[in-house]
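Please work through the following exercises with the sequence and the model in view. Each task is followed by a solution in steps.

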Amino acid sequence: MPDPLLYLKAMGVAAIAGAVGGLAIVAAGRKGHAAWLRAACVFSVAAGLVVGYRLLALQLSWPPRNGLERFLWLIAPTILCVELLAAIPALPRWSAWALRVILALVLPRVLLHGSVYLGGTERAWPAWQAFLVIAASGFLLVGLWGLLTVLSRRLPGMFVPCTVQASTLCAGLTVMMAGYIKGGVAALVWAAALLTTILIVATITRNSSRLAEAGWPVLLGVGVVGLFSLVFIGRFFGELSTGNALMILLAPLLGGLAEVPWLKRRRPWFVSSVRSLLVAGVLLTVLILAKRKFDREMAPLLVDARQLTVAPTGWTIGPPRVDQVMRWFGSVA
Amino acid sequence: MRQLFLLGAMALGLGIAVHCGAESCSAADEYDYDLVHSSVSFKARHLDISWIHGRFNEVSGKFSLDRENPAKSTFALTIKTASVDTANKARDAHLRQPDYFDTKQYPTIEFRSTSTKPIKGGYEVTGNFTMHGTTKKITLVLMGGKEHDFKKVKRVAFSTEISVKRSDYGFDKNAIGPIGDAALIMIDCEGVRK
C-alpha cells in the first residue's frame, strides 16, 4: 500500500545522509583536489541510497531474485566502483570509458536474467529477439551516456545532471502510478541522493570550473545508469509504456536543442529558460499522462470508487479535490 | 523344422512376457488436467473484514493414479501467474507486477508430488510447492478420486485447499497491507485419461 509520507521521509533522509557523507569525504581530503571530489560524489550517493532504502525497509534478498534487486545489488555498486576507479588520476581516461561501455552493454542482460524474456518454460522471446533487445538497449544506454557527456561539456554547470535527476524523479512517479510501487520508490530515493550530491558539487565548485569539470562526469555516470536501469525495469517488469519510457530517457537530451544557432544568439537567461522548459515540458507531459491513467485504472483500487469524479468514458474530469486527497492520505497513513 | 518351431515358441513366450510386463507397468492410469471442467481459485482477506476472490485461467497438469499401489501415484500442476483474474482488469495488471506475482520473473506456480499416501476418501500427497521463486514442501489432502466413464472417456476428480502465507514465499512484506498475508488456494481438478 502506498505511503507517501514514508516516501517523503526516505527522500529527505537520503538527501541528508548524502550531504553528510559527501561533505565528510570532502573535509577529510585535500581541498580543491579533483580526485577527492569525485570520491566524495560516489560516497555521497552511496550514503544517501543506503540510508534512504534502510528507512524504507526495502526488502532485498540475496542472491537477487528480480530486476530491481539485481540493479540494487549488482549494477548500482558496480557503477559507483567504476566512477570511483575513474577518480584515480593514474588511470587512463580511455580505460574508465571502456569500463563504462562494458557496464552499459552488460546491464540489460543482467536486469533480464532469469526472466521469461530469456528462458524457461514460458519463454516470451525467441533467442534472436532477446539478443536484439539486449543489444539495442545496451547501445541506447551507451549513446545516451555519450551524448549527455558531450552536452554537459557544451553546457557547463549543473544543468545536465539536474535534467537526469529530474528524469529519474519523473521515472519513479510514473512507474509508481503504473502500479509498481517498490520500483517507483527506489527511483525516488535514487533521485533524492543524486540531487543532494549535485547541490554539494555545485556549492563546492562555484569558484572553480576546473574542479566542477571533475565532479559532473561522476554524477552523470551514476545518474544515467540509475535512470536507464529504473526505466528499463519499469518497462520490462512493470507496466511502463515504451513511449513513456523513451520520453523519460530522452528528455535530458532536449537541453541540446537550445544550441541551435538562432536560439543560441539570444540572451543567456532566455536560452536557459527555453532549455529548462523543453525538458520540463516533456517530463510534465509524461507525468500528466501517467496521472490520468492512474486516475482511470488504479485510483479506484485505493479509494472508494464513489469518491472519484469519473466521466462516462472513464476519464477523470478534473484534479482530485482537497478532501479526496486528505481522505486518501488518511486511508494509507 | 523342430528348431524353427522351438524358436517360434520362444518368441511367442517372450512376446507374452513383455505384454504382461507392460500390463503391470500400465496399472497406473495417466490423466491430463481438464481445463474446461476444473478451476484454481483463491481468496485473500481485505482489510481483515472480507474476502477478495480470484482465479487463474491458465492451468495445466497431469497425474497418474495407481489404484493397486497408491504410493506410486504422482501429481503435478502448473499455474500460469499471468492468467490471474479477479474480475477487475486494473487490479489484475497490478497483481502481475513485481510488487505481487512478478509474472515476468516468476511465470508459474507449480506443485510436484514426491510421495502419496491413501487416506479415507482420497489421498494425502506431499510435494514441492513453488511460488514466487520459493519452493516449500507441503502436504495436500486430495479428496475425491471417484472415476466416471462418460462417452468412453474415463474421468477422475479431486478437490483440495492450500493455505499459504505470502510472506513465506518472498512476497514483499511492504505490499501486505489491506490485503492479508494469508491466502487460500482452492483447486478443483478433473482429469481425463490419456
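This is a predicted model: local features need pLDDT of at least 70, side-chain atom pairs count only at pLDDT 80 or more; totals for chains, interfaces and linings use all residues.

## Helix packing and strand pairing

Residues are numbered from 1 along each chain as its sequence is written, and chains are lettered from A and ligands numbered from 1 in the order in which they are written.

**Exercise 1.** Determine how helix 3 of chain A and helix 8 of chain A are oriented to each other.

Step 1. Helix 3 (residues 67–86) and helix 8 (residues 209–236) of chain A pack at about 165 degrees, with axes 10 Å apart. Helices are DSSP runs of H or I with at least four residues, and strands are runs of E with at least two. Axes are lines fitted to C-alpha atoms over the stretch in contact, and angles run from 0 to 180 degrees between N-to-C directions.

Step 2. The two helices of chain A are therefore roughly antiparallel (an angle over 145 degrees).

**Exercise 2.** State which strand of chain B pairs with strand 7 of chain B, and in which sense.

Step 1. Strand 7 (residues 108–119) pairs with strand 8 (residues 122–131) of chain B in the antiparallel sense, over nine bridges; pairing requires at least two DSSP bridges.

Step 2. B:S113 stands opposite B:G127 in strand 8 of chain B.

Step 3. In this hairpin, with two residues between the strands, B:G121 takes a positive phi near 85 degrees.

How values were computed
Angles under 35 degrees count as roughly parallel, over 145 as roughly antiparallel, 65 to 115 as roughly perpendicular and the rest as oblique.
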